[in-house]
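Have the sequence and the 3D view ready, and let us walk through this protein together. We will go from a single residue out to the strands, the core and a helix.

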Amino acid sequence: MTAQAPQQASRPEPLDRSEFKTFLDIPTRWMDVDIYGHVNNVQYLSYFDTAVNSWYIENGLIDPASSETVFLVAETSCNYFAELLFPSVVSAGLKIEKLGQSSVIFRVGLFSGEDQSTAAHGRFVHIHVDRMSRRPVPISDNTRAILSTL
């Protein structure tokens, strides 16, 4: 029996700013930076969360304090390509990769200022749930129509 060379997974490439539908500027904070002098990797997921939930609120899809339904994170992933620094502004781009019955998969791209290529990008999977039971519920036609704009 001969050993086969392991297959290498293809590494994602940075995405272009033109691939995203809307953007939110998020200033980096002093506390975002780690001992290596760049924004720590865990902050990138916080930027994802801020961008998606800000978009929901701006578009009237949720009121964090009182909506009967909310979106909860089921999965995240992030690929890193360049450092984000403090002080600077991160431009978080959003688009939807898939809109399911009770879920939505976002692609979030993080850009350093006006750069045209992502410093990082990843998936952000939300499940639409009843606030009280935390059980999945179908996304309404109205919410679906708004989400479809991305």
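Two residues are in contact, or touch, when they have heavy atoms within 4.5 Å of each other. With that in mind, look for Val108: leaving aside residues up to four places away in sequence, Val108 touches Phe20, Phe48, Val52, Gly93, Leu94, Ala120, His121, Gly122 and Phe124.

A word on what you are viewing: this is a predicted model, in which local features need pLDDT of at least 70 and side-chain atom pairs count only at pLDDT 80 or more, while totals for chains, interfaces and linings use all residues. Numbering starts from 1 along each chain as its sequence is written, and side-chain values use heavy atoms, with hydrogens and water left out.

Now for the strands. Helices (H or I, at least four residues) and strands (E, at least two) are DSSP runs, numbered from the N terminus. Two strands pair if DSSP finds at least two bridges between them. Here are two such pairs:

| E1 (residues 22-27) and E4 (residues 89-99) | antiparallel | six | Phe23 with Gly93 |

Which residues have the most contacts inside the largest nonpolar core? They are Tyr56, Leu84, Leu94, Phe106, Val108, Leu110 and Leu147, in a core of 28 residues. Such a core is a set of buried Ala, Val, Leu, Ile, Met, Phe, Trp, Tyr and Cys residues joined through side-chain atoms within 4.5 Å. Buried means under 20% relative accessible area, with exposed over 50% and partly exposed in between (1.4 Å probe, protein chains only). Helix H1 (41-58), E4, E5 and strand E6 (120-130) each give two or more residues to this core. H1 provides the largest share, seven residues.

The expected span of a helix is 1.5 Å times one less than its number of residues, so the 18 residues of H1 should span 26 Å, and the 27 Å between its end C-alpha atoms agrees. Among the buried residues of H1 are Tyr44, Phe48, Val52 and Asn53. Asn53 touches Ile62 and His126, again not counting residues up to four places away in sequence. Just after H1, Gly60 takes a positive phi of about 70 degrees.
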